[in-house]
Amino acid sequence: TIYGHQSLDEGGFPKNAGNAKVSQILDLAQTQTLENTHVGGRNLIKNSAKYSIGPTGITSATSAYSFTLADQEFRGKTITLSADIEWNEASGEDRARAGTEITIMFKDKTIATKYIGVWKNFNTTQQSGKKRITTTYTIPDAEIQGFGERALYVQRLTNGTAKVSNVKLEFGNVATDWTPAPEDEIKSVTT
């Protein structure tokens, strides 16, 4: 052992180790955090730049976005969903919100339909701001029947406006900055 023949406490550290004990605990915590971090980076939503809703103060939604992979390629994977949100003097009652949501249905009907959403909720106090919102979810390792809803929404605002844009779905448990999918056509402007 690194401490020789010293007597150890219940945590396995030498008694009276002081700062060495704290340092080892911090090193262990950092290692475990890094080992559980999985970064994808690649946007799995086709043409995500064209999906934007708002600014609007009414309930509305975009058409369904599509993915770059077949449904079964998501099976058993950890995914992170994110979007940019901006709101100006927005308020509402009873679940006023803006964001994006994906619905996953499974062939095995004992597995409930999963709703994976990332939302900015509004209350009766008007507020303004801008941020990127994210959520992470591990999809069960079961045969996927299909994806239902997958759109951007502004719902139930009674005042102000909200905008949702730059939606991104990626493998892993860390949200990265928005980028288009590699399959998206990038048009260059020539002069």
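1. Both Phe-74 and Phe-147 are buried, a term that denotes a relative accessible area under 20%, with exposed meaning over 50% and partly exposed the range in between (1.4 Å probe, protein chains only). Their ring centres lie 5.3 Å apart and their planes meet at 70°, so the pair is edge-to-face. Rings of Phe, Tyr and Trp (its six-membered ring) are paired if their centres lie within 6.5 Å; planes under 30 degrees apart count as stacked, over 60 as edge-to-face and the rest as tilted. The pair links distant parts of the chain, with Phe-74 in the loop between E2 and E3 and Phe-147 in strand E6, 73 residues apart.

2. The model is a predicted one, in which local features need pLDDT of at least 70 and side-chain atom pairs count only at pLDDT 80 or more, while totals for chains, interfaces and linings use all residues. Residues are numbered from 1 along each chain as its sequence is written, and side-chain values use heavy atoms, with hydrogens and water left out.

3. Confidence is expressed as pLDDT, the predictor's confidence in each residue, from 0 to 100. The chain averages 81, and 73% of the residues score at least 70. Confidence is lowest in helix H1 (residues 19-35), with a mean of 54, and highest in E5, at 95.

4. The chain holds one helix and six strands, in the order α-β-β-β-β-β-β from the N terminus on. Helices (H or I, at least four residues) and strands (E, at least two) are DSSP runs, numbered from the N terminus.

5. How do the strands pair? E3 and E6 pair in the antiparallel sense over 20 bridges; two strands pair if DSSP finds at least two bridges between them. Within this pairing, Thr-80 has Glu-170 of E6 as its bridge partner. Strand E2 (residues 60-61) also runs antiparallel to E6, joined to it by two bridges. Here the partner of Ala-61 in E6 is Tyr-153.

6. Of the 191 residues of the chain, 34% count as buried. The chain exposes about 11,200 Å², and carbon and sulfur atoms supply 48% of that area; accessible areas come from the Shrake-Rupley method with a 1.4 Å probe, and for residues only the protein chains shown count as cover. Contact means heavy atoms within 4.5 Å. Among contacts between residues at least 6 apart in sequence, 78% join residues at least 24 apart.

7. The largest nonpolar core has 33 residues, and those with the most contacts inside it are Tyr-65, Phe-74 and Leu-169. The elements that give two or more residues to this core are strands E3 (78-106), E4 (114-122) and E6 (144-171), and the largest share, eleven residues, comes from E3. Such a core is a set of buried Ala, Val, Leu, Ile, Met, Phe, Trp, Tyr and Cys residues joined through side-chain atoms within 4.5 Å.

8. Which residues does Phe-74 touch? Leaving aside neighbours within four places in sequence, Phe-74 is in contact with Leu-44, Phe-67, Leu-69, Ile-79, Ile-139, Ile-144, Phe-147, Leu-169 and Phe-171. One aromatic cluster is formed by Tyr-51, Tyr-65, Phe-67, Phe-74, Phe-147 and Phe-171.

9. The structure holds eight aromatic pairs. Phe-74 and Phe-147, both buried, have been described above. In another pair, the rings of Trp-119 and Tyr-153 have their centres 5.9 Å apart and their planes at 35°, so the pair is tilted. Trp-119 lies in strand E4 and Tyr-153 in strand E6, so the pair ties together parts that are 34 residues apart in sequence. Trp-119 counts as buried at 19% relative accessibility, as does Tyr-153 at 11%.

10. Glu-143 is found in the loop between strand E5 (127-138) and E6. With a relative accessible area of 39%, Glu-143 is partly exposed. Its C-alpha atom is separated by 6.7 Å from that of Gln-72, a residue 71 places away along the chain. Apart from neighbours within four places in sequence, Glu-143 is in contact with Gln-72, Arg-75, Phe-106 and Lys-107.

11. Arg-95, which lies in strand E3, has a positive phi of about 65° although it is not a glycine. Arg-156, found in strand E6, has a positive phi of about 60° and is likewise not a glycine. Arg-156 is partly exposed, with a relative accessible area of 35%.
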